[in-house]
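Hello,

Here is the structure we talked about handing over. Please open it, then read the notes below.

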Amino acid sequence: MVADNIHSALVVEDDADWSVYLKDQLEHVAAGTQYITNSTSTTSPYGNDWDMLWLGHCGSSFSKKERTRRYVIENDPTVVAPNHYNLHYHPNMKAAGYSNSSRVVYRPGIVTCTQGYALSLRGARKMLQHYTTIQNFLPIDWEHNAVCTRKILDFQCLAVHPPMWGHHRSAGFENRNSDITDKKGDFRKKAETLNIAHSVRLNGANILVKGLDAITSQYDDMPELYGDLKARKD
């Protein structure tokens with residue numbers, strides 16, 4: 001990115017999956033990043049004052065140090081119910097006054113895993129400067145989290161809950177879930193994608209053969225909606 005002066009880039013793990021409706025989701029996230037950073041741009045729909053957008057993860061929380069702006073997307077039909085969360089931790093939506101059918105854009109307190117994240121050119125330069133000077137390098141998601149939460153080099157990080165990228169787990173032996181553990185596990189009879197309702201991978205055959213009208217959710221119990229999709233600035 002830095003060498004080629006690339007304005008922004010999306011980094012996605014090779015076993016990640018996302019929603020069929022990702023483009024619609026990102027339009028709302030873009031409005032949220034502009035609101036939270038109080039910035040607009042003629043070159044990016046996400047504004048011009050961010051370094052990293054942590055869109056896919058396996059756990060995040062609201063910041064306990066400061067209460068900053070949040071952008072709440074209510075009655076989102078792509079949000080999974082909390083009983084289907086497969087996350088290490090997550091914000092307490094009820095305590096914050098948000099319904100189970102809401103997605104929130106915010107400045108995170110902690111985030112882990114890197115299923116999908118976007119970097120701006122400014123953010124890439126800051127990461128390059130920091131990561132080439134530290135002596136003890138932690139796992140990449142821990143390093144990203146440290147840069148975000150400690151605001152190293154004034155790093156500006158935003159996250160989304162529930163996440164918009166999740167790990168896809170194909171049918172077969174569960175030791176295929178990760179190449180950094182030696183867990184043998186059981187045999188998974190049915191493929192799944194964590195935290196994503198209308199998965200692209202799980203809907204592949206429907207999309208190719210039947211078209212977009214045949215898209216299904218992998219969950220039978222989606223959160224109840226209370227009206228049309230709308231955004232709220234909090």
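Are Tyr46 and Trp50 buried or exposed? Tyr46 is buried, and Trp50 is buried too. Buried means under 20% relative accessible area, exposed means over 50%, and partly exposed lies in between (1.4 Å probe, protein chains only).

Before the rest, some ground rules. This is a predicted model: local features need pLDDT of at least 70, side-chain atom pairs count only at pLDDT 80 or more, and totals for chains, interfaces and linings use all residues. Residues are numbered from 1 along each chain as its sequence is written, and side-chain values use heavy atoms, with hydrogens and water left out.

Aromatic pairs

Rings of Phe, Tyr and Trp (its six-membered ring) pair if their centres lie within 6.5 Å; planes under 30 degrees apart are stacked, over 60 edge-to-face, and the rest tilted. The count by this rule is six aromatic pairs. One of them joins Tyr46 and Trp50, edge-to-face, at 6.4 Å centre to centre and 75° between the planes. Tyr131 and Phe137 have ring centres 5.2 Å apart and planes at 80°, so this pair is edge-to-face. Tyr131 counts as buried because its relative accessibility is 16%. Phe137 is at 46%, so it counts as partly exposed.

Cluster and charge

Phe62, Tyr98 and Tyr106 make up one aromatic cluster. Arg70 lies over the face of Phe62, 3.8 Å from the ring centre. Such a charge needs NZ of Lys or CZ of Arg within 6 Å of the ring centre and within 35 degrees of the ring normal.

Best wishes
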